[in-house]
Amino acid sequence: MNIRIDDLQCNNLKIKQYADGYCFTSDAVLLANMTRCKAKDTIVDFGCGNGVISLLLSAKLPCKKIIGIELQSEVAELAKENVLFNNLSDIIEIINDDILRAPDLLGKESVEVVVCNPPYFANFSGEQRESKQVALSRHESTCSLAMLTQSASKILKYGGEFYIIHKTNRMAEVISECVNADLFPKNLTLIYPKISKAADTFVLRCKKHGKHGLNIDKLIVYDEDGQMSEEAQTLYNKKSDLIK
């Protein structure tokens with residue numbers, strides 16, 4: 001596959017991507033910008049792909065360590081290249097394995113934060129005409145929402161936080177599976193592409209064994225004139241080129 005290099009416009013970070021394979025979208029950037037942690041925390045990036053979220057988290061958060069887990073071997077190798085390419089091997093580790101094995105790989109109740117930008121489409125939902133690499137990134141063919149949330153819950157410490165971005169048409173399912181895994185929703189941010197359009201994406205923050213109580217926020221990315229909103233500029237640090 002052909003490789004291209006893109007500028008993440010954050011701390012001089014660059015990322016190698018497959019030009020004819022799956023490339024990151026603004027959703028990955030949104031999730032990275034909405035994740036929070038403490039200085040001594042370890043973050044695990046489920047299904048890290050080419051490592052974009054892990055790279056951004058390393059620049060934006062004061063975490064101790066970031067561990068990216070990616071099932072596809074060729075994509076995991078590219079993520080490892082990106083870590084070396086940006087001289088971040090001291091803080092980011094990429095593991096080529098199944099996120100369902102995370103409890104065995106990392107240990108139960110061993111980390112403080114888990115983030116995930118999962119495949120948005122249920123397995124066998126619609127035609128899968130894409131390449132195998134793209135299809136695995138878009139469809140839940142290897143890991144369901146239930147499996148994902150259970151694995152995240154097992155590796156999170158008591159009070160640890162789980163961040164996930166997903167499509168609003170599956171919001172009820174996402175929340176239900178989180179609760180079933182003892183990940184209690186604490187904050188829900190609805191993402192509106194424009195003020196005149198319905199929210200199509202959301203970011204959910206959950207706390208393991210947390211108390212009931214959910215705050216709901218919204219983010220409008222663009223106004224009607226096509227200009228990025230002030231709140232989006234603040235969130236993205238005015239790096240509008242990352243929103244495509």
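The following conversation goes through a predicted model, from the whole chain to single residues.

Trainee: What should I know about the model before reading it?
Mentor: It is a predicted model, in which local features need pLDDT of at least 70 and side-chain atom pairs count only at pLDDT 80 or more, while totals for chains, interfaces and linings use all residues. Residues are numbered from 1 along each chain as its sequence is written, and side-chain values use heavy atoms, with hydrogens and water left out.

Trainee: How many helices and strands are there in the chain?
Mentor: The chain has eight helices and 10 strands; these are DSSP runs (helices H or I, at least four residues; strands E, at least two), numbered from the N terminus.

Trainee: What percentage of the residues count as buried?
Mentor: Of the 244 residues, 51% do. Buried means under 20% relative accessible area, exposed over 50%, and partly exposed in between (1.4 Å probe, protein chains only).

Trainee: Turning to helix H7, which of its residues are buried?
Mentor: In H7, residues 171-180, they are Met171, Val174 and Cys178. They lie on the same side of H7 because they cover an arc of only 65 degrees around the axis, taken from the directions from the helix axis to the C-beta atoms.

Trainee: What do those buried residues pack against?
Mentor: They pack against helix H6 (145-155) and strands E7 (156-167), E8 (183-194) and E9 (201-208). Contact here means heavy atoms within 4.5 Å.

Trainee: And which exposed residues are on the face turned away?
Mentor: That face of H7 carries Ala172 and Asn180. Just after the helix, Asp182 takes a positive phi of about 65 degrees.

Trainee: Now Thr189: is it buried or exposed?
Mentor: Thr189, which lies in strand E8, is buried, with a relative accessible area of 9%. Leaving aside neighbours within four places in sequence, Thr189 is in contact with several residues, among them Met34, Phe202 and Leu219.

Trainee: Which side chain makes a polar contact with that of Thr189?
Mentor: The side chain of Asn187 does, at 3.3 Å. A polar contact is a pair of N or O atoms within 3.5 Å; within protein, one must be able to donate a hydrogen and the other to accept it, and residues adjacent in sequence count only if both atoms are side-chain atoms.

Trainee: Where is Lys38 found?
Mentor: Lys38 is in the loop between helix H1 (26-34) and strand E3 (42-46). Lys38 is exposed, with a relative accessible area of 63%. Its C-alpha atom is separated by 8.8 Å from that of Glu112, 74 residues apart along the chain.
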